[in-house]
Amino acid sequence: MVKTEVTHVGKYLETGKISMKNQVAYRFDVFVRSILPFIRLFLAYALWKALYAGQSVIGGMSFEMMMTYYLITSFLLRLDQSSGLVWETAEEIREGRFSKYMVRPISPLGHFLAAGLAKTLYVLLLVLPAVVVLAAFMHRILLPPAGWMNLAGACLMGFMGLIFLCLLNYLTTMLAFKFNDITGWHLLKENLVEFLSGSLVPLSLLPEWIQEAMRFFPFYYMQYLPASLYLGLKTEEFVPGLIILGLWITGLYGLSVFVYHRFRRIYEGVGN
Amino acid sequence: MAIIQARSLTKIYRRIKKQDGLKGAFKALFHREVVKKAALDSFDLEIDEGECIGLIGPNGAGKTTLVKLLCGIIQPTSGSCDVLGFTPGMLKNEFRRSFAVVMGQKSQLWWDLPASDTFALNREIYDIPEEVYRANMDYFSDLFQVKDLINVPVRNLSLGERMKMELIAALLHSPRVLFLDEPTIGLDAIAQKQIRQFLRQVNQERGVTILLTSHYMEDIRHLCKRTVVISSGKKIYDGPLDMLLDRFQEYRVIHVTFERETEPQLDAVEWVEKSPYKAVFRIRRDLVTPTLQEMLSLYDVDDIRIEEEDIGNVIERIYHGENGGDSCGQVS
């Protein structure tokens, strides 16, 4: 039985707000996390520079294109903070602390999405200075978007990809009701997402038939297509991408709600 | 009229049993023995609006399981329950708005943030009108005298202060029913007393129906006129606490300290501890007065403390039908 889970927006906005406050509770943590994007940027630059030594094109992409592709995909991948929530929430289910979501008139899915997106917003704020530095001083290695429409399309696709990942992570978390320990499930999911989304290796480097098959899966549209759209490539795939990703999101939402209502019935809420 | 009803409520947990050792651990990958344990067995209960009920019993008796069933956290194996006209397990939003639960060892507060943030979140979750929220905040923070602590991160509060915040968070939406599972566990005597007074006031002034589980007799004595004793998932007593204690609390534990080294000799006592300046003994209740009189006349006593018998012993006695078998007429 699938029913609307998220109805009252105010409580989820407040959940997002409190999650964001929780992120900035420790000053040193905020400081370290705001430096990390710069370190990652430097390391990525050094790595790809070494790989391109003596070559101007790899897999049909110039160094600038590859750097831009890499930065966009890794940026989008890092924006997904809901995978961290998987551990927290699965632990709450294992230890019986999940009960607090069940006894209050709040949807666990809505709470999960709100907390996940709040964390994403926080990461976005942390990454913003690095993006500004990149745009101001390293514009030669980060190509500008092919056009404003390309940028908007990439952002929309990236956002939908985030929602999909949030739902996928929520679904993985719900497995803790049944399996208690979901480490194996989570690792499997993480590795698959990393490979299938093209954040490990650009999908254009894979055989043609694999690339064709990927078009029916959501992962293709989560990082690879937004990065391509930004660079002005594969623009004809924007509309089909929206439809396919939209269908996956709808299906996953229904499945997540169904699995929660089914599995919460075997929850024991251990401990006092 | 009863607002909480449980009829033949039964909850059976399935537990996996593993053999000892490394071999057992690997064997369990292929074959697992599942054992069933009834945490609650054909349990019947009715609670009227405005009542404050004490639920007592030893560890593993089924107290927390009953609370979880009535909150809808877990599902019954058989039987049924009804709280405020709702079936708890369905977790309807209207149902969840009408009750609150506080579990002594599980917090709803955000550890790194002040309690005020959790209160603000609950205001949205329960859709509490601003004026009701303000009035309740003033009422509860005055009652607990915690106005200065509301903006302090929860991690910096003492255990007692945290429990006060938990109770405020639970009561902000004016629930009709409050389930409390060991709310005073681990607290010092002063904090326990404050929480008892608070709950008493909430029950009497606001008419909130309370179901309280506790290991501390003082909690039950101070708050509840009616007590339900549960053991091995079954109800073994349901009635006034006074009658329960009169009938089944047969012994007292006496702590005596002496002004000088003493080797006390008393009849009809069971010594628990004896040292040069201190003696602890267990004695039948009807012998307390003559024994203490004798002790005061024979020895230089510095201080005396009389303790009630451990609740576990009392329950064990009821369960084994000592002191007149099924003498407790309220047992169902």
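**B:Gly57 sits in the loop between strand E3 (52-56) and H2 of chain B.** Helices (H or I, at least four residues) and strands (E, at least two) are DSSP runs, numbered from the N terminus. The model is predicted: local features need pLDDT of at least 70, side-chain atom pairs count only at pLDDT 80 or more, totals for chains, interfaces and linings use all residues, and side-chain values use heavy atoms, with hydrogens and water left out. Residues are numbered from 1 along each chain as its sequence is written, while chains are lettered from A and ligands numbered from 1 in the order in which they are written. B:Gly57 is buried, at 3% relative accessibility. Buried means under 20% relative accessible area, exposed over 50%, and partly exposed in between (1.4 Å probe, protein chains only). B:Gly57 touches B:Lys63, B:His215, B:Ile230 and B:Ile315, leaving aside residues up to four places away in sequence. Contact here means heavy atoms within 4.5 Å. B:Gly85 is 28 residues from B:Gly57 in sequence. The C-alpha to C-alpha distance between B:Gly57 and B:Gly85 is 27 Å.

**Helix H2 of chain B (residues 63-71) is largely enclosed by the rest of the structure, because nine of its nine residues are buried.** The buried residues in H2 of chain B include B:Lys63, B:Thr64 and B:Thr65. B:Leu66, B:Val67, B:Lys68, B:Leu69, B:Leu70 and B:Cys71 are buried too. B:Gly72 follows H2 of chain B. The phi of B:Gly72 is positive, near 85°.

**B:Asp127 has a positive phi of about 55° although it is not a glycine.** B:Asp127 lies in the loop between helix H4 (115-125) and helix H5 (130-144) of chain B. With a relative accessible area of 48%, B:Asp127 is partly exposed.

A UniProt annotation (unreviewed entry), "domain: ABC transporter", covers residues 16-257 of chain B. UniProt positions are given in the numbering used here, feature names are shortened, and annotations may be inferred rather than shown by experiment. Residues 16-257 of chain B are 39% helix and 26% strand. The end C-alpha atoms of that span lie 50 Å apart.

**Chain B and chain A bury about 3,100 Å² between them.** Buried area is the accessible area (1.4 Å probe) that two parts lose on being put together, summed over both. Carbon and sulfur atoms carry 53% of the area between chain B and chain A. B:Ile73, B:Lys106 and B:Ile125 supply 20% of the area that chain B buries against chain A, more than any other three residues. In contact terms, 38 residues of chain B meet 32 residues of chain A. Two salt bridges are counted between chain B and chain A. One salt bridge joins the side chains of A:Glu268 and B:Arg15, at 3.0 Å from N to O. A salt bridge is a side-chain nitrogen of Lys or Arg within 4 Å of a carboxyl oxygen of Asp or Glu.

**In the UniProt record (unreviewed entry), "transmembrane region" covers residues 30-51, 57-77, 121-142, 148-171 and 238-260 of chain A.** Residues 57-77 of chain A are 71% helix and 19% strand. The end C-alpha atoms of residues 57-77 of chain A lie 25 Å apart. Residues 148-171 of chain A are 100% helix and 0% strand. The end C-alpha atoms of residues 148-171 of chain A lie 35 Å apart.

**A:Asn150 belongs to helix H7 (residues 148-179) of chain A.** A:Asn150 is buried, with a relative accessible area of 15%. Leaving aside residues up to four places away in sequence, A:Asn150 touches A:Leu229, A:Tyr230, A:Gly232 and A:Thr235. A:Asn180 lies in the loop between H7 and helix H8 (183-196) of chain A. A:Asn180 has a positive phi of about 65° although it is not a glycine. A:Asn180 is partly exposed, at 44% relative accessibility.

**The disulfide count over all chains is zero.** A disulfide is counted as a pair of cysteine sulfur atoms within 2.5 Å. The sulfur of A:Cys155 is too far for a bond, because the closest cysteine sulfur, in A:Cys166, is 17 Å away. A:Cys155 is partly exposed, at 48% relative accessibility. B:Cys52 is in no disulfide either. The nearest cysteine sulfur to B:Cys52 is that of B:Cys224, 3.8 Å away. B:Cys52 is buried, at 8% relative accessibility.
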